[in-house]
Amino acid sequence: MNDLSLTNPFRSLIAALEKRDEYTAGHDQRTKLIALDIGEQCNLEAEELAILEIAASVHDIGKIGIPDRILLKPGRLDAEEWEVMKTHPEHGFLILGTVESPYAESVANVVRNHHEAFDGSGYPDGKRSEDIPVLSRIIALADCYDAMATSRPYRPGKPHSFIMKVIHEDSEYKYDPYLREKLVTCLENSPLRAQQSEI
């Protein structure tokens with residue numbers, strides 16, 4: 001861990017999220033590890049890596065503001081529920097903005113933008129390309145990969161080849177192409193790489 005390690009206020013938020021939703025807590029930690037690998041491949045500065053570590057660890061903190069009937073639903077969300085779930089980056093931005101830390105503003109901004117898409121199809125603000133903070137673009141990729149790789153009550157985790165097809169072909173324009181290639185490199189020998197077997 002670098003010199004700008006997680007401060008107590010952020011640790012408290014992580015602990016709160018772990019108590020609220022066990023899946024989200026594990027997902028956030030795996031997303032953090034993948035994101036940091038990408039960040040290191042991109043030769044980010046130490047302070048950028050520190051902010052990335054914190055933001056990836058708490059990127060779903062806004063889910064604290066999502067009702068249990070939606071957050072903890074064992075099956076797929078319907079359209080109305082999905083619209084509610086899509087508010088979590090904004091909730092996260094507001095929550096993180098209250099943290100007493102010199103990194104709070106930067107972390108909050110990264111979290112607000114982690115569901116924006118390179119082609120402008122994301123949310124909450126419809127930003128595109130370089131208008132999206134690079135740390136948010138990194139988390140978006142790491143988040144997508146782990147979300148598909150991890151089994152949920154309503155579907156099994158997807159194999160590595162399937163996930164990479166989605167990221168490189170089906171969602172080709174959604175992710176930063178430079179960072180997509182860094183993800184490939186990071187996952188070559190990663191313990192977080194999904195199984196290769198076909199579905």
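Which residues does Asp143 touch, not counting residues up to four places away in sequence? In this predicted model, where local features need pLDDT of at least 70, side-chain atom pairs count only at pLDDT 80 or more, and totals for chains, interfaces and linings use all residues, Asp143 touches His27, Thr31, His59, His114 and His115, a contact being defined by heavy atoms within 4.5 Å. Residues are numbered from 1 along each chain as its sequence is written, and side-chain values use heavy atoms, with hydrogens and water left out. Asp143 is part of helix α8, helices (H or I, at least four residues) and strands (E, at least two) being DSSP runs numbered from the N terminus. With a relative accessibility of 7%, Asp143 counts as buried, the classes being buried for under 20% relative accessible area, exposed for over 50%, and partly exposed in between (1.4 Å probe, protein chains only). Between the C-alpha atoms of Asp143 and Pro74, which are 69 residues apart along the chain, the separation is 20 Å.

The chain as a whole contains ten helices and zero strands, and its pattern along the sequence reads α-α-α-α-α-α-α-α-α-α. The radius of gyration of the chain is 16 Å, close to the 16 Å that the globule rule gives for 199 residues, so the chain is as compact as a globular protein of that length; this radius is taken over C-alpha atoms, and the rule is 2.2 Å times the number of residues to the power 0.38. Taken along the principal axes, the box filled by the C-alpha atoms is roughly 45 × 40 × 30 Å. Of the 199 residues, 47% count as buried, and among the contacts with a separation of 6 or more, 65% are accounted for by residues 24 or more positions apart. The chain exposes about 9,900 Å², of which carbon and sulfur atoms supply 50%, the accessible areas coming from the Shrake-Rupley method with a 1.4 Å probe, and for residues only the protein chains shown counting as cover.

Rolling a probe the size of a water molecule over the atoms shows where empty space is left. On a 1 Å grid over the protein atoms alone, a cavity is a set of points where a 1.4 Å probe fits but cannot get out, whereas a pocket is an open set with protein on both sides within 12 Å along at least five of seven lines, and lining residues have an atom within 4 Å of a point. Grid points are joined across faces, edges and corners, and a volume is the space filled by probe spheres set on the points.

The largest pocket has a volume of about 1,000 Å³ and is lined by 35 residues, of which Trp82, His115, Ala147, Tyr154 and Arg155 lie nearest its centre. At least two residues of this lining come from each of α2 (22-41), α4 (68-71), α5 (79-85) and α8 (134-149), and the largest share, five residues, is supplied by α8. By class, the lining of the pocket comprises 15 nonpolar, nine polar and eleven charged residues, where Ala, Val, Leu, Ile, Met, Phe, Trp, Tyr, Cys and Pro count as nonpolar, Asp, Glu, Lys and Arg as charged, and the others, Gly among them, as polar. The count of cavities of 30 Å³ or more comes to one, and the largest cavity has a volume of about 40 Å³. Residues lining this cavity include Glu116, Phe118, Arg137 and Tyr175, and the lining divides into five nonpolar, no polar and four charged residues.

Ile51, located in helix α3, is buried, with a relative accessible area of 10%. Leaving aside neighbours within four places in sequence, Ile51 is in contact with Ser106, Val107, Val110 and Leu135, and the C-alpha atoms of Ile51 and Val110, 59 residues apart along the chain, are separated by 8.6 Å. In helix α9 (residues 160-170), the buried residues are His160, Ser161, Ile163, Met164, Val166 and Ile167, and their cover includes α8 and α10 (177-187).

In the loop between α7 (104-112) and α8, where Pro124 is placed, the peptide bond from Tyr123 to Pro124 is cis, with omega near 10°. Ser129 also lies in the loop between α7 and α8; its phi is near 50°, a positive value in a residue other than glycine, and at 25% relative accessibility Ser129 counts as partly exposed. Asn43, in the loop between α2 and α3 (46-57), has a positive phi of about 60° although it is not a glycine, and at 66% relative accessibility Asn43 counts as exposed.
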